[in-house]
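Colleague: I am new to this model and would like to learn how to read its features. Could you take me through them slowly?

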Amino acid sequence: MNGVVIPQTPIAVDFWSLRRAGTARLFFLSHMHSDHTVGLSSTWARPLYCSPITAHLLHRHLQVSKQWIRALEVGESHVLPLDEIGQETMTVTLLDANHCPGSVMFLFEGYFGTILYTGDFRYTPSMLKEPALSLGKQIDTLYLDNTNCNPALVLPTRQEATRQIVQLIRQFPQHNIKIGLYSLGKESLLEQLALEFRTWVVLNPRRLELVQLLGLADVFTVEEKAGRIHAVDHTEICHSAMLQWNQTHPTIAILPTSRPVRSPHPGVYTVPYSDHSSYSELRAFVAALRPCQVVPIVRQQPCGEFFEDSLSPRLSVPLIPHSVQQYMCSSPRKTNGLWQLERRLKRPRIQGVVFDSPEEKADQAKVDRDSKKHKKENLSPWPRDPEKLCLHPLQARKQLFPDFSRKECEEPVLCDSKKMATLEFSVQLQPIDEFISAETREEIGLGSPSIPRGGNGSPARGNQRGSPQSHISKDTHPAAESRGLALKYLLTPVNFFRAGFSSRNFDQLVEKYQKSAG
């Protein structure tokens, strides 16, 4: 595993073992090669900083939740908090590492001085022209990719290695070409070969998605027989595979790598094409930066003695601010909300995290309940004053149904829910008075009854000539029942409805209530 927890800081780069991370709280990913993602999986649940391309691949291939991925633009400086209160901050700048798609170097600046973490990189002189490195900054600590830090290993530039591959392919004009690669990297080499030989390069769907993301030339396909150059995983190139490929069509294989590889078949060729800096390039890079100390990323290959003549005098070890110490010693679970503090630093106008005490939450919940209750009472059609609930039935009828104050009204009444037939009948409010006693009429001010009575004082009933009910025949019995139900509803006190009732036995409840009230 190639990763490190930077001492005296809460910073970890390419280091995903939380048990061994100790005081690390800020995690950075340089690129997506498997030896830099050991321990990183879909269960990761802490903020993670990387380049935009790496962020896409991280979510796509390792299923890390987007909730924790923080994509930082390459070539720009970003301010990140180093504690939980935003008192201490650092500046991190991402620089192109020229290694594989999405690979970056991290330049950290803070109370600890200036630290440059190269990750895996292939040095070019143009890197020294980056604004972050061209201002004459003193690099206190340089974490250096020392993969090829061996004076005995002489490597050509990638341009020279590409020319060697082109010459090799031209020696086999009728052969198919298998290029053995890792899952990420050397896409630009494939593009150059396709343009040089004017052929399609066959890829698997996963790598095709990547080259489309990078915006390379449209020279890639997934159709097996579309072109003579095929990009395959380097582990597929073996003796048995070479025998099988040559049974169908003459085939050679090329492994573009600087690592020593034993050829498994006479048709397998190794070309020293490397995405890591050569020894001479590392010497030039360190001599230009003149850091105070060089720390090898590949710890199994010490390289300090190669750069002693290019180092600047070492400075004293900086003190860790108290707020950062508390942050580094705090529970790791609390750091998940630190990204909100980071957003507040980027956008000062946005309010940060507000922590409420349990008492305040309880008081707020009570206020919300009272507010909902008040709103419900305001929306209710019934008055809240208990005295107003004690209305006389007819007064309640006038208050709730003001449209019935006129002498007559015509309304359709629905009956027989299965047939949904509409019956029209005449409803006159005068017959209601026959249910009201003289005392009640005087109490509510209705005056004398408007329905003519018989000689015995009882209301005149029957189908009299000119009676408003004389046009209702015996065949309209459902309408009569609906009319009686309507009258009972209008005469029912308001507090009866407030008490609740069942729609199934409404008539029985109304009659029972009227008897008990009488």
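**Reading the sheet and the helices**

Modeller: Here 6 strands form an open sheet in the order β6-β7-β8-β9-β10-β17, and the pairing is mixed; strands (E, at least two residues) and helices (H or I, at least four) are DSSP runs, numbered from the N terminus. The edge strands, β6 (77–81) and β17 (293–296), each pair on one side only, where pairing needs at least two DSSP bridges between two strands. This is a predicted model, in which local features need pLDDT of at least 70, side-chain atom pairs count only at pLDDT 80 or more, and totals for chains, interfaces and linings use all residues. Residues are numbered from 1 along each chain as its sequence is written, and side-chain values use heavy atoms, with hydrogens and water left out.

Colleague: In which sense do β10 and β17 pair?

Modeller: Strands of a sheet pair through backbone hydrogen bonds, either parallel or antiparallel. Strand β10 (residues 141–144) and β17 pair in the parallel sense over 4 bridges, and L142 stands opposite V294 in β17.

Colleague: How should I read the packing of α4 and α5?

Modeller: Two packed helices are described by the angle between their axes and the distance between the axes. Helix α4 (residues 158–170) and helix α5 (residues 187–197) pack at about 45 degrees, with their axes 11 Å apart; axes are lines fitted to C-alpha atoms, for helices over the stretch in contact, and angles run from 0 to 180 degrees between N-to-C directions.

Colleague: Which residues of α4 meet α5?

Modeller: T162, I165, V166, I169 and R170 in α4 meet L189, Q192, L193, E196 and F197 in α5, contact meaning heavy atoms within 4.5 Å.
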